[in-house]
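The exercises below are meant to be worked through with the sequence and the 3D structure side by side. Try each task before reading its solution.

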Amino acid sequence: MKVVLISHTLDPEAIVAAAINQCYSAKSGEELKEEISSEKRERLIDIVMNSGHLSTIEHASFTFAVEGVSRITETQLVRHRIASYSIKSGRYNKTHTNFIVPPKIQENEKARELVEKFKKSLEKTISELEKLSFKYEDMRYLTPQGTATNIIFTMNARSLLNFFEHRLCLRAQSEIRSLAVEMLKLVKPVAPNIFKFAGPTCEIEKICWEGDLSCGRWKGIKGGELRTRNVKKSSD
Ligand SMILES: Cc1cc2nc3c(=O)[nH]c(=O)nc-3n(C[C@H](O)[C@H](O)[C@H](O)COP(=O)(O)OP(=O)(O)OC[C@H]3O[C@@H](n4cnc5c(N)ncnc54)[C@H](O)[C@@H]3O)c2cc1C
């Protein structure tokens, strides 16, 4: 996959720091944006990140262009509702011959051969349906979920932190985790004080909430713990 940060709020941490300070200051936002030093910026961002008053970081937005991710990853990505998405149309673009094959399948010679056979049979079916004058929008129902697509999407910093929390967790599927890894590499240099808090809860809070499904990584983290919310069982 290819992941590019194509745009972001100009000087995102200056805007966020001004927004935080606006809550306590009589000065105009314009003045605040100009006068806050980089040390004060870091201090202000630390305060909201630790207290959880995160609406102020919503002023910083980041737009990504992603090429060559599967429809499976697209489905998982768009579950993150606090975002804007534009996705290549599968009605008008022929996509059935270009699908993502997971590395584990690619590494196995026999499995690779089976996938090639499937690909050829799918191509043949589509071409025969074309001869019968079916529209691609109908034929695409036969395409695999691994079909590759391109997406442009925008998330604000708060939504991105939520995305990173869920999708950098080892329980997330590997393709979307790779996407999250690449996205974090791109946003960290642009807003380092915000995105130093990006990661799964085991890394950031030393707490794993995954219960029986936990990958167990918390055990290797100093002070790490596996916790459950205080939900009472009906028998309690
Ligand atoms: C490992 C893993 C496995 C998963 N498995 C499944 C699965 O099997 N089936 C499945 O359906 N999903 C599954 N998901 C998707 C998951 O349940 C979330 O839909 C997804 O991670 C998006 O998270 P979100 O809702 O926090 O994000 P967003 O939609 O971006 O929302 C961000 C935050 O805004 C608030 N919010 C947004 N919309 C509302 C609303 N309508 N009402 C109240 N608050 C709102 C919430 O606080 C939310 O956390 C899985 C996710 C992961 C990481």
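**Exercise 1.** Describe how H8 and H9 pack, beginning with the handedness of their crossing.

*Solution.* The model is a predicted one, and in it H8 passes H9 in a left-handed crossing. Next, take the geometry: helix H8, residues 157–167, and helix H9, residues 174–187, pack at an angle of about 140°, and their axes are 9 Å apart. An angle counts as roughly antiparallel if it is over 145 degrees, and the two helices H8 and H9 are therefore oblique to each other. Finally, look at the side of each helix that makes the contact: H8 contributes Leu160, Phe163, Phe164 and Arg167, which meet Ile176, Arg177, Ala180, Leu184 and Val187 of H9. The residues of this contact between H8 and H9 comprise 7 nonpolar and 2 charged ones, with no polar residue among them.

**Exercise 2.** Determine how many residues of helix H1 are buried, and which elements these residues pack against.

*Solution.* Begin with the count: helix H1 spans residues 12–22 and is mostly covered, since 9 of its 11 residues are buried. Then identify them on the model, where the buried positions in H1 are Pro12, Glu13, Ile15, Val16, Ala17, Ala18, Ala19, Ile20 and Asn21.

**Exercise 3.** Decide whether Lys120 is buried or exposed, and find how far Lys120 lies from Arg41 in sequence and in space.

*Solution.* Lys120 belongs to helix H6, which runs over residues 109–131. Because a residue with 12 or fewer other C-beta atoms within 10 Å counts as exposed, the 11 found around Lys120 make Lys120 exposed. In sequence Lys120 and Arg41 are 79 residues apart, and from C-alpha to C-alpha they are 57 Å apart in space.

How values were computed: Residues are numbered from 1 along each chain as its sequence is written. This is a predicted model: local features need pLDDT of at least 70, side-chain atom pairs count only at pLDDT 80 or more; totals for chains, interfaces and linings use all residues. Axes are lines fitted to C-alpha atoms, for helices over the stretch in contact, and angles run from 0 to 180 degrees between N-to-C directions. Helices (H or I, at least four residues) and strands (E, at least two) are DSSP runs, numbered from the N terminus. Angles under 35 degrees count as roughly parallel, over 145 as roughly antiparallel, 65 to 115 as roughly perpendicular and the rest as oblique. A crossing is left-handed if the near helix is turned anticlockwise from the far one by less than a right angle, and right-handed if clockwise. Two residues are in contact if their C-beta atoms, placed from the backbone, lie within 7 Å. Ala, Val, Leu, Ile, Met, Phe, Trp, Tyr, Cys and Pro count as nonpolar, Asp, Glu, Lys and Arg as charged, and the others, Gly among them, as polar. A residue is buried if 20 or more other C-beta atoms lie within 10 Å of its own, exposed if 12 or fewer, and partly exposed in between; C-beta atoms are placed from the backbone.
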